[in-house]
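I opened this entry to record what I looked up in the model, chain by chain and then across the contacts. The structure is placed here first so that each note can be followed on it.

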Amino acid sequence: MPDSQLIAARHVSTRVDHPAVRWMLIVLAVLVVGVLIIVPVINVFAQAFSAGWTTYWTSLLADADTRHSILLTLIVAPISVAANVVFGVAAAWAIARFRFPGRTLLTTLIDLPFAISPVVAGLLIVLIFGLQGYLGPWLREHDIKVIFALPGLILATTFVTLPFVARELIPVMEAIGPEEEVAAVSLGANAWQTFWHVTLPNIKWGLLYGVVLCNARAMGEFGAVYVVSGRIDGLTCTMPLRVEKLFQQLRHDDMAGSFALASILTLLALVTLAAKVSLERKTRGELAEAAATKIVGAEPLVAETVGTSA
Amino acid sequence: MSIKVDNVTKRFGDFVALDNVCVEAGGGALLALLGPSGSGKTTLLRVIAGLEAADAGTIYYKDENVTSQTARERNVGFVFQHYALFRHMTVFENVAFGLRVRGWSRERIRARVSELLKLVRLDSIEHRYPSQLSGGQRQRVALVRALAIEPKVLLLDEPFGALDAKVRQELRQWLRRLHDELHVTSIFVTHDQEEAFEVADQVVVMHDGRIEQDGTPHDVFEHPANAFVMDFLGNVNVFHGRLQNGHAHVGGLELEYPDYPHSEALQAKVYVRPHELDLDYARGANGSLKARVERVNPAGSVAKVFVLSEEFGIGVHVELSLERYAELNPRPGDTVYVSPRRVRVFVPAAEEGPEYVI
């Protein structure tokens with residue numbers, strides 16, 4: 001989408017704007033991107049590798065708490081992503097296929113986690129599941145720990161990443177329409193066969209796109225997790241929390257560890273970006289194909305049999 | 001296998017899509033549901049297929065009541081208006097789908113699908129995807145996919161709606177031949193009366209969720225049951241006239257109408273098809289309508305003449321055979337007399353309100 005916008009913008013500018021204006025805007029954009037994005041990203045890697053490869057690996061792997069933070073992130077993120085895949089597909093199916101009261105409200109509410117500050121999201125969870133929260137007494141009675149424990153991390157991460165898969169799938173499913181699913185049912189397929197053989201192959205690129213974005217956000221989540229985790233080293237500290245914690249120690253070794261860990265998160269971002277670009281094309285293909293079949297099967301003309309009346 | 005639709009009603013909110021509909025298709029019949037958009041014909045087809053549930057009424061397949069069965073259980077072949085081919089499957093996989101979900105073995109599927117694809121001459125393109133096919137090919141794949149599961153009934157929703165005129169023509173005849181070979185009871189929906197008359201054994205005309213007429217193509221065309229059917233089945237001139245004493249009065253014309261012998265006048269609409277009108281330079285015996293020739297179009301299998309009666313302010317479409325046209329040779333501006341060979345009169349229903357009488 002950004003490509004097409006850029007192309008459109010360039011077309012307009014060549015026709016209307018003065019060359020000086022054009023160059024000024026380009027230089028400004030490049031400068032901002034350079035200062036705010038490119039230099040810091042390079043700097044993370046430069047800092048991480050400043051003392052050489054050996055130090056880099058040592059600071060990553062020698063510290064048990066850092067190792068645990070990586071492991072914890074690798075546990076929390078996939079579980080949140082899996083939860084969001086299930087929720088996203090279900091929500092997209094409901095919104096794209098059915099008309100029910102509250103449908104618009106549901107569509108809007110799915111976006112709420114985007115609008116709300118992650119810290120507030122974390123607080124909401126604490127208020128419900130914390131020891132002083134609504135469910136606190138019940139949880140204590142049954143000896144279930146949510147806050148300052150893995151379930152809390154998963155809840156918080158799932159909450160903030162909730163919109164990614166659903167938002168990606170709703171337009172794809174709406175564009176594809178229910179016709180193929182109805183055809184599958186008429187040919188004798190049950191609900192699962194219809195979903196597995198017909199729906200899923202049609203939405204797979206959109207789904208994967210949502211998963212990639214969801215995963216990046218899940219692994220990078222800081223605010224909500226900060227509130228619910230208590231940041232207990234070796235227990236509830238995820239990678240982003242560990243980066244911040246090491247950085248705050250202000251000791252040289254810890255700084256190196258912080259940058260090394262940060263470089264891994266940054267690398268993840270770059271991989272996500274690459275996957276996003278290639279998946280975006282495939283998703284566009286899915287949508288374009290849906291649009292193309294729609295045009296081929298345009299509505300038939302209304303009967304042209306109106307009599308000639310006198 | 002015969003199909004019977006008994007008193008079926010279907011509502012979408014306040015909209016009544018089907019209003020107490022009864023239809024019967026004999027075993028091996030090819031029936032056309034004909035009607036304008038929004039007449040309920042597609043809804044009826046979907047109710048028969050089990051893709052929509054009726055609010056009231058019963059559906060029978062032969063003697064079996066299938067009303068509460070799902071589309072899967074009814075084992076119908078359904079061809080969708082826009083084909084609804086599985087876009088990520090090849091032609092072969094599309095046709096094989098119904099057999100695959102039934103758990104057929106790989107070899108049996110291979111044999112059955114290959115046989116079917118040969119039958120419709122698509123075996124050479126079995127590895128293509130729907131997006132690589134022409135409209136006519138997609139149509140045939142959709143039909144074969146529906147037939148692969150050996151359905152008891154074949155249902156087609158506007159099967160030729162999205163095709164261009166020439167392909168449409170070919171596929172119509174092809175469908176008719178295929179039906180004659182397979183003899184599976186088939187119902188198709190169309191808004192094109194020509195298509196219905198050419199392909200079907202039985203035509204059911206629908207309007208506003210009700211059945212207007214049910215009969216053979218010949219019956220329906222020659223003896224339309226009411227004004228709607230008359231109007232829907234092709235070009236027609238409509239005159240507002242008056243019935244009295246066994247006669248219909250339209251403009252200056254007085255026509256025999258023995259069905260209404262009463263002395264009090266009744267307003268009615270008089271329908272005359274363009275090819276059932278004649279032109280002459282001399283006034284006819286029963287009185288005829290004086291008119292001026294406005295436009296003449298002799299291109300085609302008949303000559304189309306549009307005349308205007310200034311006296312009554314009405315325009316009339318006339319179709320003359322080319323021989324008659326050559327004989328008369330009407331020119332724009334000529335004064336001619338219009339006389340009908342055949343008229344149909346439909347007394348308007350009371351709720352239509354007062355009619356203007358000439």
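I began with chain A, whose secondary structure comes to 15 helices and one strand; helices (H or I, at least four residues) and strands (E, at least two) are DSSP runs, numbered from the N terminus. I note that this is a predicted model, in which local features need pLDDT of at least 70 and side-chain atom pairs count only at pLDDT 80 or more, while totals for chains, interfaces and linings use all residues. Residues are numbered from 1 along each chain as its sequence is written, and chains are lettered from A and ligands numbered from 1 in the order in which they are written.

**Chain A**

Of the 310 residues in chain A, 34% are buried, where buried stands for 20 or more other C-beta atoms within 10 Å of a residue's own, exposed for 12 or fewer, and partly exposed for the range in between, with C-beta atoms placed from the backbone. I then looked at contacts (C-beta atoms, placed from the backbone, within 7 Å). Among those in chain A between residues at least 6 apart in sequence, 76% join residues at least 24 apart.

I picked out A:Thr107, which lies in helix H5 (residues 103-110) of chain A. Is A:Thr107 buried or partly exposed? It counts as partly exposed, because it has 15 C-beta neighbours inside 10 Å. From A:Thr107 to A:Ala149 I read 42 residues in sequence and 31 Å in space, C-alpha to C-alpha.

Next came helix H10 (residues 163-176) of chain A, whose 14 residues reach 20 Å from first C-alpha to last, close to the 20 Å expected at 1.5 Å a residue; the expected span is 1.5 Å times one less than the number of residues. H10(A) is mostly covered, with ten of its 14 residues buried, among them A:Phe164, A:Leu169, A:Met173 and also A:Glu168. After H10(A) comes A:Gly177, with a positive phi near 80°.

**Chain A against chain B**

How many residues does each chain give to the contact? Chain A gives 28 residues and chain B gives 41. On the side of chain A, the elements that give two or more residues are helix H11 (179-186), helix H12 (191-220), helix H15 (252-296) and strand S1 (308-309), and H11(A) supplies the largest share, seven residues. By class, this side of chain A has 15 nonpolar, ten polar and three charged residues; Ala, Val, Leu, Ile, Met, Phe, Trp, Tyr, Cys and Pro count as nonpolar, Asp, Glu, Lys and Arg as charged, and the others, Gly among them, as polar.

Chain B is divided into domain 1 (3-232) and domain 2 (237-352), with bounds that come from an automatic or database domain assignment. Their centres, taken over C-alpha atoms, are separated by 40 Å, and the contact takes four residues from each of the two domains. The side of domain 1 that touches domain 2 has three nonpolar, one polar and no charged residues.

I traced an open sheet of four strands in chain B, in the order S2-S1-S4-S5 with antiparallel pairing; strands pair if DSSP finds at least two bridges between them. Strand S2 (15-25) and strand S5 (64-65) stand at the edges with a single partner strand each, so one side of each is left without a neighbour in the sheet. Strand S1 (residues 3-12) of chain B is joined to S2(B) by seven bridges, and B:Lys4 stands opposite B:Glu24 in S2(B).

The bridge partner of B:Leu155 in S8(B) is B:Ile187. From S7(B) the chain crosses through H6(B) to S8(B), a right-handed β-α-β crossover; right-handed here means that, with the strands pointing away from the viewer, the path from the first strand over the helix to the second runs clockwise. Both faces of S7(B) are covered, with B:Val153, B:Leu155 and B:Asp157 buried on one side and B:Leu154 and B:Leu156 buried on the other.

I closed with helix H5 (residues 135-148) of chain B, where eleven of the 14 residues are buried. These buried residues pack against strand S6 (76-79), helix H3 (91-100), helix H4 (106-119), strand S7 (153-157) and helix H6 (165-182) of chain B. H5(B) is followed by B:Glu150, whose phi is positive, near 50°.
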